[in-house]
Amino acid sequence: MAGTSGGSFRKPKAGAGASASGRGLVRRRRRRWVRWTAFGGTALVAVAAGAGWAVYAKLSGNITPDEAAAAELARYEKERPTSLVKDARNILLIGSDSREGDDNARYGRDSGTERSDTTILLHLSAGRSSATAVSLPRDLMVDLPGCRRPDGSRSAPRFAMFNQAFQLGGSACTIRTVEKLTDIRVDHHVVVDFHGFKKMVDAVDGVEVCLKESIDDRAAKLKLPAGRVTLNGEQALGYVRARKSLGDGSDTERMERQQRFLGALANKVRSNDVLLNPVKLYPVLDAATSSLTTDPDLASLRGLYELVRGLRDIPMEQVQFLTVPRRSYAYDANRDQLVEPEAERLFERLRTDAPVVVAGHAPHGSAPRRSADSHDGSYGDSYTGPFAVPFAGPFTGPVVTVSPPPTFRGNTAAEDTCE
């Protein structure tokens, strides 16, 4: 045939060209897919990073830095106590009774004054092996320093109830009063109002308490049955603030109730693995930060994290609560005064980061040689219990005593209030 001589031309197999073309198309599509996947992954990482930064910024932005207090404390730096133990921290927790804002206004008329409804000195040991929370009664009679008022004027030093310090000069005046009273350096402070407290409780889906009897308190807007009850934020606020319908009506009994509630709250956070679960952690952090005013060093998520990161390893039995040793004020039964030398003994142990021992049956600030009903600070001449160690030698002389650490009335977060 013409065109076939002198060569071995062969007709290509049907579909061979199409197959080669198809493979090229697949390769081009694969390259495009890889490029788009890489781009998408990068974009996803960027979005995640941006979202993470947005969350961090939001939570940090929730916290109000207390710049005014920082400036006032700097003014009096030379007269403030020094920290004695490196890495130990003392944080003053202040519960404000402010009625400002729609949510807080329901708890009473705004009189233009703001006092500290609850004040707790929280001591974190060096190494974070224990945490000790000491309640300071709002009716405690103390020496208040001259403080800067909100309008810029200054108050004169006076002898008055402790919670007037916050009314006169806010957190700075309260801190200076506590430092003057205890000789303990306050490293950080946190102020939270009613709304913030409620949000925190609701964020952990309520906190369980045990009621020995039912409660019907109209003033506190609280009606609860006896037994185990899970309180929401509104109920919890009424529970920790109520006085007339619970216990003996004293502020001391109310503080002990607050301490047990805080222990139950700490247990709830730990038992629900909140700290390790981002889905649970975010609402808790949002609630915890949304109504906080803190010193500038704590006014960021990183600042708070640096402070509390070691707390999750503290055993619940080493998270302790107690009230400073106190009794009725000699000139007014409705006021309080410190019991000495027990109060100073407690303050000294906190200053030096020495262990603090609490027990539910112990009298406030008691030691083994002390009568459970005594509040005059007197002790016997010697103690002949298991810690007594006589001098070795041929002579007969006095007994040298080695007293165990004093035991203070209080409780731990590990205790079940229903047992």
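I began with a definition: a crossing is left-handed if the near helix is turned anticlockwise from the far one by less than a right angle, and right-handed if clockwise.

**Ground rules.** I am looking at a predicted model, where local features need pLDDT of at least 70, side-chain atom pairs count only at pLDDT 80 or more, and totals for chains, interfaces and linings use all residues. I number residues from 1 along each chain as its sequence is written, and side-chain values use heavy atoms, with hydrogens and water left out.

**Overview.** I found ten helices and 19 strands in the protein chain (DSSP runs, H or I of at least four residues for helices, E of at least two for strands, numbered from the N terminus). Of its 419 residues, 43% are buried (under 20% relative accessible area; exposed is over 50%, partly exposed in between, with a 1.4 Å probe and protein chains only).

**Helix α2.** Which residues of α2 (residues 67-75) are buried? They include Ala69, Glu72 and Leu73. These three sit on the same side of α2, because they cover an arc of only 100 degrees around the axis (taken from the directions from the helix axis to the C-beta atoms). On the other side I noted Ala71, Ala74 and Arg75, which are exposed.

**Its neighbours.** The buried residues of α2 pack against α4 (164-182) and β7 (188-192). The axes of α2 and α4 lie 7 Å apart, at an angle of about 40 degrees (lines fitted to C-alpha atoms, for helices over the stretch in contact, with angles from 0 to 180 degrees between N-to-C directions). The crossing of α2 and α4 is right-handed. Contact (heavy atoms within 4.5 Å) is made by Ala69, Glu72 and Leu73 of α2 with Ser171, Ala172, Ile175 and Arg176 of α4.
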